[in-house]
Every structure is written in structure tokens, then in C-alpha cells.
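User: I have a structure open and would like to go through it with you. Can we take it piece by piece?

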Amino acid sequence: AAGFRTDLFDGTDLVSCRMYHGFSATWRGFAKNAFEGLGSVALLIVLTVMHLAGHVWPWVFLAWAVGTGRPSDVVTLAASIAVGASVVERLVLAGRFRQPLWIAAAHPLAILLMTGVQWHSLLLAMRGRRIWKGRGAEAEAILVERQ
């Protein structure tokens, strides 16, 4: 609004941050605003379909194809390329951000969990039950009112 520019940069070498300890705290922490970050149910539906089709289904299909001895065809090739691209991307990111390399193989699980958090966040928002650091919607309304 004041005419200043913003920019993004990788501050990995400058700072570190531990956001949450454990699965439960991580789930709750991201669920508090994962839906609001998307902004609409329509976008959540579109992203869910895209994530499942592009990041999960190729892994499932390829595992099934290998497990059943399915002959190679264009669909198997496409799934192989999608899985290969996913692994390469995750390996590059894991190396850059000092994460364990096994994280690349966990990519489909991470996508499923992220999608679950987003849908859980939508349900919490619809019910007015988002809680963060022990504060719920009622406490947030009181804090806003006092300001």
C-alpha cells in the first residue's frame, strides 16, 4: 500500500526454526489455518484432486504395475516419469534444506497428510473450533475486541 516492494529469499543459512514437537502438535499447528491459506472450498477440491492424481496415484499405480507384472505401456511409462520426477525433486530439496534423504520416498505420504490437514482445517473452520496455543475462536474474538 505504501509502494514498497517485497521479495522472498532463502534464509536457511541465517536462521533456524523449530515450529512444532511431534506429530500431534504439527497437525494441530498446521490445521489452525491450512484452509484459510487456500481461501476457498473450490480451490481445496481442485488441489486435492491434483495432489492425488499427480503425487499419489503414480506411486500407487507403479507399485501395482510392478507387483502384478503388468506389461509396460504408455500409462506405466507416465507413472514412472512422475515418480522419478518426484523423487529427484524431493532429493534436491532434502539436500538443500538438510533433511534426511529417505524423505523423498515418503513424498506420497506427506501429500496425503497435508491434504488431510487441509480438510481437517476446513471442518474446524466450519465448526468454529480452531484452537492454537490453547486459544479457540471465542478467545480470539475477545482479544480482537480488546484491541
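User: Is R70 buried, partly exposed or exposed, and what is its relative accessibility?
Analyst: R70 counts as partly exposed, at 25% relative accessibility. Keep in mind that this is a predicted model.

User: Which residue forms a salt bridge with R70?
Analyst: That is D73, and the closest N and O atoms of the two are 2.9 Å apart. D73 is partly exposed, with a relative accessible area of 31%.

User: How many salt bridges does the structure hold?
Analyst: There are three salt bridges. One of them joins the side chains of D10 and R96, at 2.5 Å from N to O.

User: How exposed are D10 and R96?
Analyst: D10 has a relative accessible area of 39%, which makes it partly exposed. R96 is partly exposed as well, at 35% relative accessibility.

User: And which residue does R98 pair with?
Analyst: R98 forms a salt bridge with D13, where the closest N and O atoms are 2.7 Å apart. R98 is in the loop between α4 and α5, while D13 is in the segment before α1, so the pair ties together parts 85 residues apart in sequence. Both R98 and D13 are exposed.

User: Back to R96. Over which ring does its charged end sit?
Analyst: Over the ring of F97, at 5.6 Å from the ring centre.

User: Rings, then. How many aromatic pairs are there?
Analyst: The count comes to four aromatic pairs. In one of them, W57 and F61, the ring centres are 6.0 Å apart and the planes are at 45 degrees, so the pair is tilted.

User: Why does 45 degrees make it tilted?
Analyst: Planes under 30 degrees apart would count as stacked and over 60 as edge-to-face, and the rest are tilted. The W57 and F61 planes are at 45 degrees, so they fall in that remaining group.

User: Is F61 buried or exposed?
Analyst: F61 counts as buried because its relative accessibility is 8%, and the cut-off for buried is under 20%.

User: Which residues form the aromatic cluster?
Analyst: W57, F61 and W64 form one cluster.

User: How much of the chain counts as buried?
Analyst: Of its 147 residues, 24% count as buried. The accessible surface of the chain is about 10800 Å², and carbon and sulfur atoms account for 67% of that.

User: Last one: what share of the contacts is between residues 24 or more positions apart?
Analyst: Such residues account for 59% of the contacts with a separation of 6 or more.

How values were computed:
Residues are numbered from 1 along each chain as its sequence is written. This is a predicted model: local features need pLDDT of at least 70, side-chain atom pairs count only at pLDDT 80 or more; totals for chains, interfaces and linings use all residues. Side-chain values use heavy atoms; hydrogens and water are left out. Buried means under 20% relative accessible area, exposed over 50%, partly exposed in between (1.4 Å probe, protein chains only). Contact means heavy atoms within 4.5 Å. Accessible areas come from the Shrake-Rupley method with a 1.4 Å probe; for residues, only the protein chains shown count as cover. Rings of Phe, Tyr and Trp (its six-membered ring) pair if their centres lie within 6.5 Å; planes under 30 degrees apart count as stacked, over 60 as edge-to-face and the rest as tilted. A charge sits over a ring if NZ of Lys or CZ of Arg is within 6 Å of the ring centre and within 35 degrees of the ring normal. A salt bridge is a side-chain nitrogen of Lys or Arg within 4 Å of a carboxyl oxygen of Asp or Glu. Helices (H or I, at least four residues) and strands (E, at least two) are DSSP runs, numbered from the N terminus.
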